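Come along as I look things up, one entry at a time.

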Amino acid sequence: MAARVGSRGVTLSSRRLTKQARAILAKASSPLGAAPRRNAPVLTRATIVILEHEGKSIEVECDGYESVLEAALDAGVENLSYDCKMGVCMTCPSRLKAGEVDQGGAMLSDDVVEKGFALLCCAVPVGDGVVIQTVTEEELLDEQLQGGAM
Ligand code: FES
């Protein structure tokens, strides 16, 4: 990873920052030293999330700032469905089975979220005990159409 310091600050030219670098950048970009992503509380320590994917339960360590998708990709979980990583394309649907996640950037309707759906790319654990299961895009779409959302 190469870093360059210019008049606008530090520019990192790496496609993949380490977890520690992301945490430092997140803290540095906030005047209060907290994660700037959302208003909901965010863990400032690592937590283990159980990701149920393709019939397996996989422990994924989230650093308190990254989404479950980023943590799973960092951990080498294969065959995850995703594209935009911004909560827009809806190709990373999941169902929250336990615990709580902040998914403030996700473009999911409130009623779908209340039914337990989440987007892995936006789901940031806000406590311990998160269990989240990947689901198909069809499951999410069916739920959205039933609710008349989107
Ligand atoms: S990757 Fe596009 S919504 Fe998650």
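**Entry 1: one residue's contacts.** I started with V49, which touches V60, C62, V68, A71, P125, V130 and I132, leaving out residues up to four places away in sequence. I count two residues as in contact if their C-beta atoms, placed from the backbone, lie within 7 Å.

**Entry 2: ground rules.** I noted that this is a predicted model, where local features need pLDDT of at least 70, side-chain atom pairs count only at pLDDT 80 or more, and totals for chains, interfaces and linings use all residues. Residues are numbered from 1 along each chain as its sequence is written.

**Entry 3: the core around V49.** I looked up the largest nonpolar core, which has 24 residues; V49, V68, L119, L120 and A123 touch the most other members. Strand 3, strand 4 (56-62), helix 2 (68-74) and strand 7 (117-119) each supply at least two residues of this core. Which element gives the most to this core? Helix 2 does, with four residues. A nonpolar core here is a set of buried Ala, Val, Leu, Ile, Met, Phe, Trp, Tyr and Cys residues joined through C-beta atoms within 7 Å. Buried means that 20 or more other C-beta atoms lie within 10 Å of a residue's own, exposed means 12 or fewer, and partly exposed is in between, with C-beta atoms placed from the backbone.

**Entry 4: the whole protein.** I found four helices and nine strands. Helices (H or I, at least four residues) and strands (E, at least two) are DSSP runs, numbered from the N terminus. Along the sequence, the pattern reads β-β-α-β-β-α-β-β-α-β-β-β-α. Of the 150 residues, 27% are buried.

Entry 5: I traced an open sheet of five strands in the order 4-3-9-5-7, with mixed pairing. Strand 4 and strand 7 are its edge strands, each pairing on one side only. Two strands pair if DSSP finds at least two bridges between them.

**Entry 6: strand 9.** How many bridges join strand 5 (residues 93-98) to strand 9? I found four, and the two strands run antiparallel. In strand 9, S94 has T134 as its bridge partner, and A98 has V131. Strand 3 (residues 47-53) pairs with strand 9 in the parallel sense over three bridges, and E52 has Q133 as its bridge partner there.

I then checked the side chains along strand 9 (residues 131-134), which alternate.
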